[in-house]
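Subject: Structure for your review

Dear colleague,

Please find below the structure that I am handing over to you. I would be grateful if you read the notes that follow with the sequence and the model open beside them.

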Amino acid sequence: MISMADISTILSRYDENDIKIATVCSHSALQIFHGARMEGFATIGISTARNRPYYESFPIAKPDIFIEIDDYKDILNKDIQEKLMKENAIIIPHGSFVEYIGADNILEYLLVPMFGNRLTLLWEGDRRRQRRWFDEAGIPTPKVYDSPFEVDRRVIVKLHGAKGGSRYFTASNRYDLESKLQKLGYREGYVIEEYIAGVRYYPHFFLSPLGRPNIPGIGYGSLELLGIDRRLEVIDEVYRGWPDVIEDYLDFTVTGNQPVVLREKLLIDLLEIAVRLVSTSRKLFHPGLVGPFCIETIYNPKRGFIVFEVSARIVAGTNLYTSGSPYSVFYYNEPMSTGRRIAREIKKAIKEDKLETIIY
Ligand code: ATP
């Protein structure tokens with residue numbers, strides 16, 4: 001695995017007056033490039049030939065430099081990595097970046113300095129580790145069943161490798177589950193989780209290790225809530241088939257995002273959960289969460305917020321708020337997207353000579 005010391009050495013050779021922000025042209029790249037430009041950074045878009053002209057069509061968000069690749073895994077090739085390092089590139093990892101290249105490949109082979117703590121990839125990509133993190137943080141999570149025989153209520157079944165909720169299904173009890181698993185021919189490679197009834201909220205946070213403590217329990221650094229979204233999944237439209245239940249609607253595939261705000265008194269609960277996750281992350285994988293992260297929650301009025309996942313990087317839901325959100329205005333008197341916030345953190349770190357605290 002590439003160590004923090006390896007990355008520090010590479011970073012020490014960088015020209016801090018010519019740092020460029022790089023990412024793969026997908027997911028939240030326009031927001032990242034746009035935000036970087038607003039903070040005065042040059043940008044590099046890693047793109048396929050097909051995508052390039054479309055990214056070029058956005059005059060204010062297009063990257064300054066393109067690096068064309070045939071396959072996203074080519075980023076790991078020596079010549080591409082060297083090109084990026086020669087340009088003093090800092091990579092901003094987003095969902096597609098991690099998915100296309102693979103968390104293991106990033107940990108083993110990516111020498112280019114990356115914003116945030118790459119150890120989070122180990123913890124967010126593995127459901128068991130993630131569960132340990134939540135348990136140690138004392139955060140309410142859905143019950144997980146080791147075997148279908150233990151199931152005593154409605155459950156949701158998540159297949160390993162099923163991205164963005166695709167191919168998830170629910171079962172109303174143990175017998176329903178057994179018959180569905182048998183029908184689908186699934187023997188292993190899935191997680192059986194308690195189905196939580198409630199309203200979903202996906203708050204987007206930013207943890208700045210360089211900021212002044214602004215919230216109880218944070219220890220060091222500051223925590224900002226930059227926005228909240230709700231993912232639009234096919235099942236959200238199930239009522240359109242009523243009075244019949246149309247099979248095709250029983251699908252959790254994420255297809256988009258919608259802005260939401262939360263009843264203000266509930267914000268406190270969310271902030272408390274975020275602080276606990278940050279503190280525990282620092283114990284489990286030092287320096288813990290750094291930069292953007294999203295807590296995936298379901299609010300059930302009897303049980304409060306139940307956390308079913310954390311994405312420890314910029315999430316696509318932040319694309320709703322490229323010019324700020326109903327929450328970012330409480331921290332900044334200027335449009336502040338998550339992409340811009342990342343660039344601002346890098347700028348501050350350069351100024352204070354602390355880049356190695358936010359890059360790994
Ligand atoms: P990935 O794991 O690839 O990041 P994702 O984060 O989009 O995918 P999940 O968060 O695992 O997918 O879940 C997708 C959807 O399934 C959720 O947005 C939610 O609607 C539903 N869901 C997940 N877990 C539960 C649960 N325990 N109870 C009720 N609904 C759930």
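A helix here is a DSSP run of at least four residues, and helices are numbered from the N terminus. Please note that the model is a predicted one.

Salt bridges

Side chains of opposite charge can pair when their charged atoms come close. The structure holds 29 salt bridges. One of them joins the side chains of arginine 52 and glutamate 56, at 3.3 Å from N to O. Arginine 52 is partly exposed, at 26% relative accessibility, and glutamate 56 is likewise partly exposed, at 35%.

Aspartate 64 and arginine 37 form another salt bridge, with their closest N and O atoms 3.0 Å apart. Aspartate 64 lies in the loop between helix H3 (52–56) and strand S3 (65–68), whereas arginine 37 belongs to helix H2 (residues 29–38), so this pair ties together parts that are 27 residues apart in sequence.

Aspartate 126 and arginine 129 also meet in a salt bridge, at 3.9 Å from N to O.

The ligand

The ligand is surrounded by 21 residues, the closest being Lys158, Tyr168, Tyr202, Glu233 and Glu296. By class, this shell has 10 nonpolar, two polar and nine charged residues. A polar side-chain atom of glutamate 233 lies 2.4 Å from an oxygen atom of the ligand, and for tyrosine 168 the corresponding distance is 2.7 Å. In the side chain of glutamate 309, an N or O atom is 3.1 Å from a ligand oxygen. Taken alone, the ligand exposes 620 Å², of which the protein buries 92%.

A buried serine and a surface patch

Is serine 337 buried or exposed? Serine 337 counts as buried, because its relative accessibility is 2% and the cut-off for buried is under 20%. This residue is placed in the loop between S13 and helix H11 (338–351). A polar atom of its side chain lies 3.0 Å from the backbone nitrogen of arginine 340.

On the surface, Tyr239, Trp242, Val245 and Leu250 form a nonpolar patch with about 460 Å² of accessible area together. Tyrosine 239 lies in the loop between strand S10 (222–233) and strand S11 (254–259).

Yours sincerely

Conventions. Residues numbered from 1 in each chain as written. Predicted model: local features only at pLDDT ≥ 70, side-chain atom pairs only at ≥ 80, totals over all residues. Heavy atoms only, no water. Patch = residues over 30% accessible without salt bridge, like charges linked within 9 Å, V, L, I, M, F, W, Y side chains within 5 Å. Areas by Shrake-Rupley, 256 points an atom, 1.4 Å probe, with all protein chains shown as cover. Salt bridge = Lys/Arg side-chain N within 4 Å of Asp/Glu carboxyl O. Helix = DSSP H or I, 4+ residues; strand = E, 2+ residues; numbered from the N terminus. Near = heavy atom within 4 Å. Polar contact = N/O pair within 3.5 Å; in protein donor to acceptor, adjacent residues only side chain to side chain. Nonpolar A, V, L, I, M, F, W, Y, C, P; charged D, E, K, R; others polar. Buried < 20%, exposed > 50% of the residue type's maximum accessible area, 1.4 Å probe, protein only.
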